[in-house]
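These are my notebook entries on a structure that is new to me. I set down what I looked up, entry by entry.

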Amino acid sequence: MHEHFFQCPHCWESISMLLDPSATSSYVEDCEICCNPIQITARFEDAVLVEFNAESIEQ
C-alpha cells in the first residue's frame with residue numbers, strides 16, 4: 001500500500017489515501033472531511049506512483 005496526500009477538490013482540505021499499486025487505477029471515493037465524491041486516478045509503474053489525479057465529479 002502507498003499512502004498519498006492530496007487536496008480535496010471540494011473543501012480544499014489536505015487528506016491522505018492508501019493506494020494499492022495492484023488495484024484498478026480509476027475509481028470514486030468520498031472525501032473523509034466533507035464526504036463529497038472524488039474521481040481518483042492513479043497510475044503506478046513498478047510499484048511507484050507516477051501519476052495521480054483527484055477531480056470533483058459533481059457539476
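**Entry 1**
I began with Glu45, which is partly exposed at 42% relative accessibility. I note at once that the model I am reading is a predicted one. Salt bridges that share partners join Glu45 with Arg43 and Glu51 into one network.

I then looked up the links of this network. The side chain of Arg43 meets that of Glu45 in a salt bridge, with 2.5 Å from N to O. Arg43 also meets Glu51 through their side chains, and here the N to O distance is 3.1 Å. How many salt bridges does the structure hold? I found two. As background, I recorded that side chains of opposite charge can pair when their charged atoms come close.

Arg43 has a relative accessible area of 38% and is partly exposed. Glu51 is likewise listed as partly exposed, with a value of 38%.

**Entry 1. The elements of the chain.**
Next I looked up the secondary structure. The chain has five strands and zero helices. Read from the N terminus, the order of elements is β-β-β-β-β.

I also looked up the overall dimensions. The C-alpha atoms fill a box of roughly 35 × 20 × 15 Å along the principal axes. The radius of gyration of the chain is 11 Å, which agrees with the value near 10 Å that a compact globule of 59 residues would have. Buried residues account for 25% of the 59 residues. Of the contacts with a separation of 6 or more, 24% are between residues 24 or more positions apart.

I turned to strand E1, residues 2-7, and strand E2, residues 14-19. These strands pair in the antiparallel sense over six bridges. Which residue of E2 is the bridge partner of Gln7? I found Ser14 in that place.

Within the loop between E1 and E2 I found Trp12. Its phi is positive, about 65°, although Trp12 is not a glycine. I noted for comparison that most residues other than glycine have a negative phi. Is Trp12 buried or exposed? Trp12 counts as exposed, because its relative accessibility of 55% is over the 50% cut-off.

I looked up Asp46, which sits in the loop between strand E4 (37-45) and E5. Asp46 is a residue other than glycine, and its phi is positive, near 55°. Its relative accessible area is 80%, so Asp46 is exposed.

**Entry 2. The aromatic pair.**
I then searched the whole structure for aromatic pairs and found one. Phe6 and Phe52 form this pair, with 5.0 Å centre to centre and 50° between the planes, and the pair is tilted. The pair links distant parts of the chain, since Phe6 is in strand E1 and Phe52 is in strand E5 (residues 48-56), 46 residues apart. Phe6 is buried, because its relative accessibility is 9% and the cut-off is under 20%.

**Entry 3. The cysteines.**
How many disulfides does the structure hold? I found zero. Cys11 is in no disulfide, and the nearest cysteine sulfur, in Cys8, is 3.7 Å away. Cys11 is partly exposed, with a relative accessible area of 25%.

The cut-off for a disulfide is 2.5 Å between the sulfur atoms. Cys35 counts as exposed at 53% relative accessibility.

**Entry 4. Glu55.**
Which residues does Glu55 contact, leaving aside its neighbours within four places in sequence? I listed Pro9, Pro37, Ile38 and Gln39. I also looked up Glu29, which is 26 residues from Glu55 along the chain; their C-alpha atoms are separated by 11 Å.

How values were computed. Residues are numbered from 1 along each chain as its sequence is written. This is a predicted model: local features need pLDDT of at least 70, side-chain atom pairs count only at pLDDT 80 or more; totals for chains, interfaces and linings use all residues. Side-chain values use heavy atoms; hydrogens and water are left out. Two strands pair if DSSP finds at least two bridges between them. Helices (H or I, at least four residues) and strands (E, at least two) are DSSP runs, numbered from the N terminus. Rings of Phe, Tyr and Trp (its six-membered ring) pair if their centres lie within 6.5 Å; planes under 30 degrees apart count as stacked, over 60 as edge-to-face and the rest as tilted. Buried means under 20% relative accessible area, exposed over 50%, partly exposed in between (1.4 Å probe, protein chains only). A salt bridge is a side-chain nitrogen of Lys or Arg within 4 Å of a carboxyl oxygen of Asp or Glu. The radius of gyration is taken over C-alpha atoms; the globule rule is 2.2 Å times the number of residues to the power 0.38. Contact means heavy atoms within 4.5 Å.
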